[in-house]
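Thanks for coming. I will take one structure today, beginning with a single residue and ending with the whole chain. Please look at it on the screen before I start.

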Amino acid sequence: MTYQVWIEESWVEIAVPAMGGEALVVPNVAAVVRDEDGGSILLQRRDKPGEPVRGKLEIPGGRWGAGEPPEVAVAREVAEETGVALVAPPSGVERIELGENRSCAIAKPVAVINGLEGTYPSLHVLFECVGQGSPRPLPGETADPRRWPVAEVRVLLNEQPDEFVDQTRAMLTAYFATIV
């Protein structure tokens, strides 16, 4: 199976992993990281050279590794990209033990599905978290991570939506509509 995938500086048609004739989709985790009083959200600017979304605002996130519980994946991505530590597991996540070496997590996140027009599909699962610490950038990945007042983010989403990476815009729109 082939799909359009963004690689470095252009869209490229490539074969993607498949199982039973269906493309495999790698899930991504993302986090709305609020401060302890809930008044701000951690945003950063995309900083991968050559990407068309470079300089746009995004929330921390990335690929969900195989075998990672959701709280571990979210904490890892937030720490890698911003240096901020989560003070508790993401809200709405409950672990259930089904038997020896068989557990699962039930979560109440927001999900955004990308790739509806034939590009390689991706699934972005958004969690709400509380974080502490001074944000720092990850050169070549993220720039200017900082806490933004929630009211300012809402205004920016409405008045300048193109300031955001598309998936972040979709996730924050859904978040504000359903969770807050």
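Start with Glu 68. If we leave aside its neighbours within four places in sequence, Glu 68 is in contact with Ala 73 and Arg 76; contact means heavy atoms within 4.5 Å. Before going on, the background: this is a predicted model, where local features need pLDDT of at least 70, side-chain atom pairs count only at pLDDT 80 or more, and totals for chains, interfaces and linings use all residues. Residues are numbered from 1 along each chain as its sequence is written, and side-chain values use heavy atoms, with hydrogens and water left out.

Where is Glu 68 found? It sits in the loop between strand 8 (61-63) and helix 1 (70-82). Helices (H or I, at least four residues) and strands (E, at least two) are DSSP runs, numbered from the N terminus. The side chain of Glu 68 also makes a polar contact with the side chain of Arg 76, at 2.7 Å. A polar contact is a pair of N or O atoms within 3.5 Å; within protein, one must be able to donate a hydrogen and the other to accept it, and residues adjacent in sequence count only if both atoms are side-chain atoms.

Is Glu 68 buried or exposed? Its relative accessible area is 18%, so Glu 68 is buried. The cut-offs are under 20% relative accessible area for buried, over 50% for exposed, and partly exposed in between, with a 1.4 Å probe and protein chains only.

Now Ala 15, in strand 2 (residues 10-15). Ala 15 is exposed, because its relative accessible area is 60%. Neighbours within four places aside, Ala 15 is in contact with Met 1 and Thr 2. From the C-alpha atom of Ala 15 to that of Glu 159, 144 residues apart along the chain, the separation is 38 Å.

Asp 144 has 39% relative accessibility, so it counts as partly exposed.

Last, the whole chain. Its secondary structure comes to 3 helices and 14 strands. The radius of gyration is 17 Å, close to the 16 Å that the globule rule gives for 180 residues, so the chain is as compact as a globular protein of that length. That radius is taken over C-alpha atoms, and the rule is 2.2 Å times the number of residues to the power 0.38. Buried residues make up 36% of the 180 residues.
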